[in-house]
Amino acid sequence: MKKAENSMKLYLPSLSINESMARSAVSVFIAQLNPTIEEISDIKCAVSEAVTNSIVHGYKFNPGEIYIGVKYFSDRTVVIEIKDKGCGIEDVKLAMTPLFTTDKTGERSGMGFAVMQTFMDRLEVWSKKDKGVRILMEKKLK
Amino acid sequence: MSITIEICKKKLIFNPHFTTEFSSSKYYNIEKRKVKAVFDNENPQIAFENGILSAKILGDIDHHCAKFVRERIDSYIFEYKPSVVLLDLSSVDFMDSSGLGLILGRYNTASEIGAEFRICSPSSGVKKVLELAGIERIIKIEGDLRV
């Protein structure tokens with residue numbers, strides 16, 4: 001197991017106002033690697049999607065805690081881990097299908113996982129019903 | 001206080017030459033109709049002239065702020081029944097998939113009253129999200145419409 005060069009941990013209450021806080025904090029942390037503007041906006045977008053998912057679908061707007069962990073390695077790989085203890089996903093594969101959404105009334109586009117998959121190099125999702133969700137995203141910066 | 005704001009909003013909408021120190025003005029060129037839009041100071045900034053309702057969104061579009069933007073634009077669409085709804089994204093630096101929901105939702109609202117819906121001036125980051133969802137297949141995306 002490689003040792004991370006630097007790491008950050010962030011615990012946030014599941015309030016929608018914290019979505020911008022989460023993505024800004026991650027982008028400031030990875031700014032140490034001097035990434036391109038495109039790389040920053042890709043990562044911000046992916047983090048925003050994951051945190052929004054936790055708030056809207058995981059906790060269904062109930063109070064809860066979201067964990068965001070960011071690490072980077074000497075080869076400029078950024079690893080982001082986002083965890084919640086919400087209601088979990090029954091069928092991860094179905095949830096990751098583009099345009100699939102369980103929220104029919106709130107104008108959700110169903111593109112959250114598709115955005116994460118496209119903007120990051122690797123995306124892994126672990127979840128069990130009522131056990132929360134753990135998302136691991138990886139992107140190698142140029 | 002709330003009454004004053006309400007009066008101010010109406011003045012801005014009906015009299016495009018009414019300006020305050022907060023409002024900004026901008027010319028749009030839509031199908032040879034040159035439209036001067038004078039915006040009020042709330043997000044999104046709304047202006048209505050010549051049958052065109054322009055909404056200029058300020059700052060990031062995420063799930064949190066999409067709610068307010070959605071309600072404000074919809075209330076103006078139903079109030080003024082425009083023939084064109086123009087969503088100006090020139091001041092939006094960041095947008096996630098909530099923005100896609102917002103855009104498609106406004107497209108539906110505009111279609112409901114028979115109005116045309118357009119997006120203009122997306123930044124490169126916003127464009128990437130729009131392209132990912134294939135928005136350009138159903139909604140016309142314009143470059144810079146400012147004159």
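**A first look at chains A and B**

Let's start with one residue: once you set aside its neighbours within four places in sequence, L53(B) is in contact with I46(B), F48(B), Y76(B), I77(B), Y80(B), P82(B), V85(B) and L86(B). Keep in mind that this is a predicted model. L53(B) turns up again in the largest nonpolar core, where V26(A), A46(A) and L53(B) touch the most other members.

**The nonpolar core**
- This largest core counts 69 residues.
- Its biggest contributor is α2(A), with nine residues.
- As background, nonpolar side chains in soluble globular proteins tend to be buried together.

**How chain B is put together**
- Chain B has four helices and seven strands.
- Read from the N terminus, the elements of chain B go α-β-β-β-β-α-β-α-β-α-β.
- There are 147 residues in chain B, and 39% of them are buried.
- Take the contacts in chain B with a separation of 6 or more, and you'll find that 60% of them link residues 24 or more positions apart.

**Where chain A meets chain B**
- Chain A brings 19 residues to the contact, and chain B brings 18 residues.
- On the side of chain A that touches chain B, the elements giving two or more residues are α1 (18-30), α2 (37-58) and α4 (112-119) of chain A.
- Here too, α2(A) supplies the largest share, this time seven residues.
- By type, the residues on that side of chain A split into six nonpolar, eight polar and five charged.

Notes:
Residues are numbered from 1 along each chain as its sequence is written. Chains are lettered from A and ligands numbered from 1 in the order in which they are written. This is a predicted model: local features need pLDDT of at least 70, side-chain atom pairs count only at pLDDT 80 or more; totals for chains, interfaces and linings use all residues. Two residues are in contact if their C-beta atoms, placed from the backbone, lie within 7 Å. Ala, Val, Leu, Ile, Met, Phe, Trp, Tyr, Cys and Pro count as nonpolar, Asp, Glu, Lys and Arg as charged, and the others, Gly among them, as polar. A residue is buried if 20 or more other C-beta atoms lie within 10 Å of its own, exposed if 12 or fewer, and partly exposed in between; C-beta atoms are placed from the backbone. A nonpolar core is a set of buried Ala, Val, Leu, Ile, Met, Phe, Trp, Tyr and Cys residues joined through C-beta atoms within 7 Å.
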